[in-house]
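Dear colleague,

Here is the structure for your files. My notes on it follow below.

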Amino acid sequence: MVEKNGYYEVEFTDLTHDAMGVCKVDGFPIFVKDALKGEKALIKLVRMNKNFGFGRLIEIKLESPFRKVPICEHYQTCGGCNAMHMNYQTQLDFKRHRTSETLKRLGKIDTEVNPTIGMNNPYYYRNKAIIPFAKRNGKIVGGLYKTRSHDIVNIKRCHVFPKLYSDMIRFFRQIFTELDVSIYDEATHEGLVRGVMFRSDHKQEKYAVTIVTTGTRFPQRDIIVKRLIERYPGIVNVVQNVNGDKTNVFLGSKHKVLHGKDVLEDRLLGMDYDISHRAFYQINPAQTEALYTKALKYAGLTGEEVVIDAFSGIGTIAMSAAKQAREVIGIEVVKDAVKNATQNAKKNNLKNVRFIHGTVEDVLPTLDVKPDVVIMDPPRKGVEKSVLETLVKNKVKRLVYVSCNVSTLARDLNFLQANGYDVKEVTPIDMFPQTSHIESVTRLDKR
Ligand SMILES: C[S@@+](CC[C@H](N)C(=O)[O-])C[C@H]1O[C@@H](n2cnc3c(N)ncnc32)[C@H](O)[C@@H]1O
């Protein structure tokens, strides 16, 4: 019989979608963080319900040859990374396998998945960091949350952010303490500063900083901005974003620019982009280039096509496609991102691209053109069924689906496959090294 707090000798036979080891005791499945397939270990069962439990690794008895010592001192507590205990090739293989399995199991799609496209240096890649701050035992802490919690790990150094971010986090902890800045308390909904967001360009030379507060009055902001830009000359803008809601969403809808303009400039695949603090921008620039290159290859453009970039953000896919297409139309729900996209098309002198503000659900059925190719890059929840139905109804010849969630991808591909499309090729791209998150691109052709 399996019991909570019991100790068991187990062998791991599989990994979950979030890279936990899977083992069974008397047929009862137990998931264990940091365990690898093929390993034998002593575990303690720490949490259980009727159908499964969660265990903690006590001692590894037989170690996998694919195990790697994590380079991060916070790896055991921080919720930011969960695959750092696998060597990099194993991370890439895991993502390919998961994509293939999920497409088969949830999508009933039996297709060979290409090897995951990885990075040369899978560290220090993440151009955006959201750092919540809190007061703990009278001390200001700032960092990343522990897994499935709002308990902050007061990180010293992070190995997926640009190196300068660790220093900037320290800077904010010190200056908030020195100036006795009021820090937001989630439990009581009192206090001013919720956290700070950093963004950088591809070369990690220019930085944008957003300080998120619950109200507009921020007495220490001038001195903080002065000291910040003195210390980090690469900072091109500082924005105060106001979010007074009781919510887990980090950014609010109001903001005030404190330094520079609300624009970070970056260059991707030979195009220049302006990015405002609220606009979505892919977090791994090197891999974004690999992703877009693959998406465009799948689109197979000849210069004659009308292309829709659904969920277009600041227009990066649309603009990358523009030189190879007759016309490209982007659809995006965030107004600031549409503004950025329109400005970006002008900046790059592209005359055959336009952007429409609204949801893909509302805009797609009202378009006055018939697209030859639709490239979709939806958020994690995937594409609404009504959108898929419109694509089917319009008999779009080719679809390219960029996905950051393989489960919703499988659901949507299943619908498309049942309604006249063939899944031709799938390639995972490692946008999020050291984590179990999977990005992929799929090509579908009308049967
Ligand atoms: C994963 S991002 C992709 C953005 C862009 N393709 C890129 O590579 O940077 C998804 C985008 O879809 C937008 N979005 C979310 N739901 C939407 C909807 N229903 N209609 C239109 N855009 C939506 C988000 O604001 C975000 O910009």
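**Sheet, helices and domains**

Val238 stands opposite His259 of β14. Strand β13 (residues 235-242) and β14 run antiparallel and are joined by five bridges; two strands pair if DSSP finds at least two bridges between them. Helices (H or I, at least four residues) and strands (E, at least two) are DSSP runs, numbered from the N terminus.

This is a predicted model, in which local features need pLDDT of at least 70 and side-chain atom pairs pLDDT 80 or more, while totals for chains, interfaces and linings use all residues. Residues are numbered from 1 along each chain as its sequence is written, and side-chain values use heavy atoms, with hydrogens and water left out.

The open sheet has six strands in the order β8-β7-β11-β12-β13-β14, with mixed pairing. Its edges are β8 (139-142) and β14 (254-259); each has a single partner strand, so one side of each lacks a neighbour in the sheet.

Helix α2 (residues 163-178) lies across β7 (128-136), β8, β11 (193-200), β12 (207-213) and β13, at about 155 degrees to β11. Helix α3 (residues 221-231) packs on the sheet and touches β12, β13 and β14, with its direction at about 155 degrees to that of β13. Contact means heavy atoms within 4.5 Å; axes are lines fitted to C-alpha atoms, for helices over the stretch in contact, and angles run from 0 to 180 degrees between N-to-C directions.

The protein is divided into domain 1 (7-62), domain 2 (90-120 + 284-446) and domain 3 (128-268), with bounds from an automatic or database domain assignment.

Regards
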